[in-house]
Amino acid sequence: MLRDTVRALAEAKIAPYAAAVDEEARFPREAQDALVANDLHAVHVPEEYGGAGADALATVIVIEEVARVCASSSLIPAVNKLGSLPVILSGSEELKKKYMTPLAKGQGGFSYCLSEPEAGSDAAGMKTRAVRDGDFWVLNGVKRWITNAGESEFYTVMAVTDPTKRSKGISAFVVEKSDEGVSFGAPEKKLGIKGSPTREVYFDNVRIPADRMIGEEGTGFATAMKTLDHTRITIAAQALGIAQGALDYAKGYVQERKQFGKPIGDFQGVQFMLADMAMKIEAARQLTYAAAAKSERVAAGGGEGDLTFQGAAAKCFASDVAMEVTTDAVQLLGGYGYTRDYPVERMMRDAKITQIYEGTNQVQRIVMARNLP
Ligand SMILES: Cc1cc2nc3c(=O)[nH]c(=O)nc-3n(C[C@H](O)[C@H](O)[C@H](O)COP(=O)(O)OP(=O)(O)OC[C@H]3O[C@@H](n4cnc5c(N)ncnc54)[C@H](O)[C@@H]3O)c2cc1C
């Protein structure tokens with residue numbers, strides 16, 4: 001039922017703008033409004049804070065269905081989870097109430113600020129600094145590649161509180177867009193997901209109350225990594241949706257396009273490509289849904305189990321599948337596939353990011369190797 005509901009909404013209210021959002025590199029306002037109106041913008045927020053209380057699998061299905069028509073728009077529910085999960089996992093009850101309630105109401109999105117210009121894969125090498133001053137912390141530094149920066153009202157920011165301790169000297173904070181000293185860089189000009197603004201975030205003597213710290217001092221990096229264990233599964237869902245969208249389009253196209261006097265879908269060479277695409281998507285889906293079920297059990301207090309492996313495996317596998325499937329979809333449309341008159345080249349450009357963010361697929365393989373089941 002959830003899938004049918006989201007698919008119908010995505011087809012009616014999000015798909016019609018996907019090409020324009022890409023072409024004009026503009027925020028998908030129509031998608032944001034439709035998702036908020038239908039309580040689908042941050043479905044993971046627990047009911048006690050006024051949220052929909054969707055479990056990890058339901059959240060994955062929402063993201064998958066939105067990504068099937070517009071990857072940029074799928075970053076709205078995905079990044080709202082990424083940005084707010086540190087608070088849900090490690091924040092005080094007061095912090096959860098204060099920030100989850102407006103998020104659930106659609107009164108402010110949540111971004112996640114880990115990466116920096118000089119600290120990407122090696123995120124623990126960050127330089128952004130938080131220094132204690134009485135009942136306040138003062139933040140200075142630059143975060144880079146922050147999805148939905150400028151759009152979001154709230155930011156989970158990882159910053160160094162003790163430079164002698166590397167990852168154990170990093171703490172997490174909630175920073176608000178309106179805090180004095182917060183500003184944003186120009187939107188990055190990207191290959192894909194052009195509707196999702198990616199900007200630098202600058203902290204210039206940003207003074208925030210000490211109770212904005214998420215969890216204990218020195219636990220920020222652990223919280224950031226624990227968050228990614230859960231949210232890499234949402235990137236897998238995004239990849240899955242993009243791939244499914246490309247397959248669905250290609251499936252229709254090969255029945256219409258005629259060469260040598262018959263639909264190209266009658267050729268076995270074309271049929272085998274479609275069969276491989278569908279097979280890979282189904283394998284990615286099973287892995288992603290199993291990882292989502294595991295994420296839910298862990299979030300509900302079950303053991304960590306091998307969630308770290310599963311999350312990395314789902315993200316890595318599904319994103320590689322999305323890149324292969326979208327490239328094959330372009331191939332199946334021939335020269336037409338290579339133009340912006342058809343959606344598959346956008347899907348191919350959008351798929352590429354899923355192999356890069358929330359840790360590149362090389363990093364996922366490092367994570368998997370360290371956590372072999
Ligand atoms: C559109 C977009 C949105 C993003 N959104 C966010 C966000 O909202 N919040 C956030 O915090 N970050 C975000 N990121 C940042 C993203 O997570 C980083 O770009 C990513 O982790 C890689 O870091 P890097 O770009 O510095 O690449 P680098 O770390 O410099 O990597 C360059 C290459 O070296 C490889 N490499 C590095 N180390 C190793 C190793 N040990 N072994 C093998 N290969 C290695 C990488 O796999 C990659 O191929 C976003 C990035 C983009 C492009």
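**The ligand and its surroundings**

Mentor: Let us begin with the shell around the ligand, where strand 3 gives the largest share, three residues; helices (H or I, at least four residues) and strands (E, at least two) are DSSP runs, numbered from the N terminus. Before we go on, please keep in mind that this is a predicted model, in which local features need pLDDT of at least 70 and side-chain atom pairs count only at pLDDT 80 or more, while totals for chains, interfaces and linings use all residues. Residues are numbered from 1 along each chain as its sequence is written, and side-chain values use heavy atoms, with hydrogens and water left out.

Strand 3 covers residues 136–147, and together with helix 11 (361–370) it makes up the elements that give two or more residues to the shell. There are 18 residues around the ligand, where a residue is near a molecule if one of its heavy atoms lies within 4 Å of it. Those that come nearest are Ser 115, Ser 121, Trp 145, Thr 147 and Thr 360.

Some of the surroundings can be described atom by atom, as polar contacts, meaning pairs of N or O atoms within 3.5 Å; within protein, one must be able to donate a hydrogen and the other to accept it, and residues adjacent in sequence count only if both atoms are side-chain atoms. Ser 121 brings a polar side-chain atom to 2.6 Å from an oxygen atom of the ligand, and Thr 360 has a polar side-chain atom 2.7 Å from an oxygen atom of the ligand. With Tyr 112 it is a backbone N or O atom that takes part, lying 2.8 Å from a nitrogen atom of the ligand. As for the cover, the ligand on its own has 980 Å² of accessible area, and the protein covers 65% of that area; such areas come from the Shrake-Rupley method with a 1.4 Å probe, and for residues only the protein chains shown count as cover.

The ligand sits in the largest pocket. A pocket, on a 1 Å grid over the protein atoms alone, is an open set of points where a 1.4 Å probe fits, with protein on both sides within 12 Å along at least five of seven lines, and a molecule sits in it if more than half of its atoms lie within 2 Å of its grid points.

For comparison, turn to residues placed in the helices. Helix 4 holds Ser 84, which counts as buried at 0% relative accessibility, and buried means under 20% relative accessible area, exposed over 50% and partly exposed in between (1.4 Å probe, protein chains only). The side chains of Ser 84 and His 44 are joined by a polar contact of 2.7 Å. Leaving aside neighbours within four places in sequence, Ser 84 is in contact with His 44, Met 100, Leu 103 and Phe 110, contact meaning heavy atoms within 4.5 Å.

Helix 4 is also one of the elements that the buried residues of helix 10 pack against. Helix 10 (residues 344–353) is mostly covered, with eight of its 10 residues buried. One of these is Arg 349, whose relative accessible area is 13%. The side chain of Arg 349 reaches the backbone oxygen of Leu 191 at 2.9 Å, and, not counting residues up to four places away in sequence, Arg 349 touches Asp 22, Leu 191, Gly 192 and Lys 194.

Definitions and conventions:
1 Å grid on protein atoms, 1.4 Å probe; cavity = no way out; pocket = protein on both sides within 12 Å on 5 of 7 lines; lining within 4 Å.
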